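Let's take a walk through this one together. Have a look at the picture first, and then we'll see how its parts meet.

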Amino acid sequence: MKLGIIGLPNAGKTTLFNALTGQALEVTAYANPASAEAPVGVIKVPDARIDRLSTIYKPKKTVYAEVQCADITGLDRGISGSGQKGALFELAWDADALIHVVRAFEDEAVSHEGPIEPQADAAALDLELIFHDLELVETRLERIENSMKKGIGEGLDVEKAALERCREALEAEQPLRGVELSDEERAAIGSLQFASLKPVLVVLNVSEEAISGEGTAAAVAALSDYYAGKQALVFSLSGKIEMELSQLEPDETVMFLEELGIEEPAMNLVIREAYELLGLISFFTVGEDEVRAWTTRRGDAAPRAAGRVHSDIERGFIRAETISYDDFIAAGDMAHAREQGTLRLEGKDYVVQDGDIINFRFNV
Ligand SMILES: Nc1nc2c(ncn2[C@@H]2O[C@H](COP(=O)(O)OP(=O)(O)O)[C@@H](O)[C@H]2O)c(=O)[nH]1
Ligand SMILES: [Mg+2]
């Protein structure tokens with residue numbers, strides 16, 4: 001899974017990127033120039049279940065599920081009409097979802113056009129995505145129509161119809177994530193890099209003092225209304241605090257969290273929500289060598305999940321020896337689980353569930 005962080009200049013994208021990936025890129029109080037290349041980092045998906053399994057197995061290696069993340073610089077008001085679209089094309093860096101950072105924090109030292117108005121900012125950037133996509137739709141439709149005129153447009157009807165519906169939405173300044181498309185239509189337009197089609201996690205970046213304030217709750221509610229029904233989730237955090245948290249040692253983190261009166265870093269929630277939005281789940285493999293979390297899509301059958309581990313295991317799939325995390329913890333170990341009948345042998349039609357611990361049996 002890949003996430004792309006977008007937002008207007010000085011919204012706190014790099015701050016959030018650092019918090020998510022543990023990197024320490026420079027954060028600046030001025031707008032960075034558009035960049036053709038986006039820094040990419042790896043997010044380790046926090047999972048208390050993996051921590052617990054690791055204390056049980058004491059493996060040589062503990063591996064968390066990983067999500068890639070890019071800090072996309074240079075999107076700004078008016079960018080889609082300018083010659084400087086590098087940053088928008090960066091979205092074609094095939095992100096599966098976008099994290100849209102919206103500024104709510106007040107800070108005179110950090111420049112911002114006019115007063116801080118989160119909803120107006122969010123809508124302004126969304127509009128750039130929409131303009132970008134409209135251009136893409138029009139170019140593609142023109143090509144299709146030309147092909148049809150020449151009599152070589154066979155099989156393009158579904159795509160054409162889908163694109164016409166997309167154009168209609170975009171002309172009404174609606175993002176494509178709100179357009180109902182069938183699987184067939186999605187596949188037909190799948191090769192086009194539509195920015196406004198990607199699911200989005202909207203992060204309201206608030207001041208430290210405002211984390212649990214009423215104003216923040218109201219702003220989140222208002223943004224949620226604006227994004228309603230558009231494959232989007234909205235929540236708030238303080239980028240500054242999250243970045244500080246990510247740079248602490250684990251025991252210091254616990255103390256800092258207590259001081260702030262919060263249970264866990266908001267980053268954990270960001271990652272979990274991204275998982276949810278994308279329909280992803282985790283399953284685990286365990287042993288003395290390695291305890292590891294893997295990512296698969298909700299609804300994947302066991303062989304497909306096996307393929308996440310290795311293509312040979314998918315190809316030679318025989319059975320999945322499976323137990324849910326909760327049943328395993330209740331049993332204490334695999335021997336007891338087998339006695340209790342909670343360790344099951346599942347076949348190729350078994351749909352993997354979040355938290356399954358699986359031992360694949362396969363034949364190469
Ligand atoms: N007060 C405050 N400043 C922040 C916060 N998040 C980011 N900043 C500051 O805003 C400026 C821009 O942040 P940066 O992450 O570089 O924004 P980007 O342009 O979207 O990548 C930097 O000076 C940050 O230190 C925050 O939550 N509170
Ligand atoms: Mg930046």
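About 570 Å² is buried between domain 1 and domain 2, with carbon and sulfur atoms giving 65% of that area. Buried area here is the accessible area (1.4 Å probe) that two parts lose on being put together, summed over both. Where do these domains lie along the chain? Domain 1 covers 2–277 and domain 2 covers 299–362, with bounds that come from an automatic or database domain assignment. Domain 1 puts 5 residues into the contact and domain 2 puts in 7, where contact means heavy atoms within 4.5 Å. Taken over C-alpha atoms, the centres of the two domains sit 33 Å apart.

Keep in mind that this is a predicted model, where local features need pLDDT of at least 70, side-chain atom pairs count only at pLDDT 80 or more, and totals for chains, interfaces and linings use all residues. Residues are numbered from 1 along each chain as its sequence is written, chains are lettered from A and ligands numbered from 1 in the order in which they are written, and side-chain values use heavy atoms, leaving out hydrogens and water.

Now for the charges. The interface of domain 1 and domain 2 has 1 salt bridge, meaning a side-chain nitrogen of Lys or Arg within 4 Å of a carboxyl oxygen of Asp or Glu. Elsewhere in your tour, look for D354 and R49: their side chains meet in a salt bridge, at 3.2 Å from N to O.
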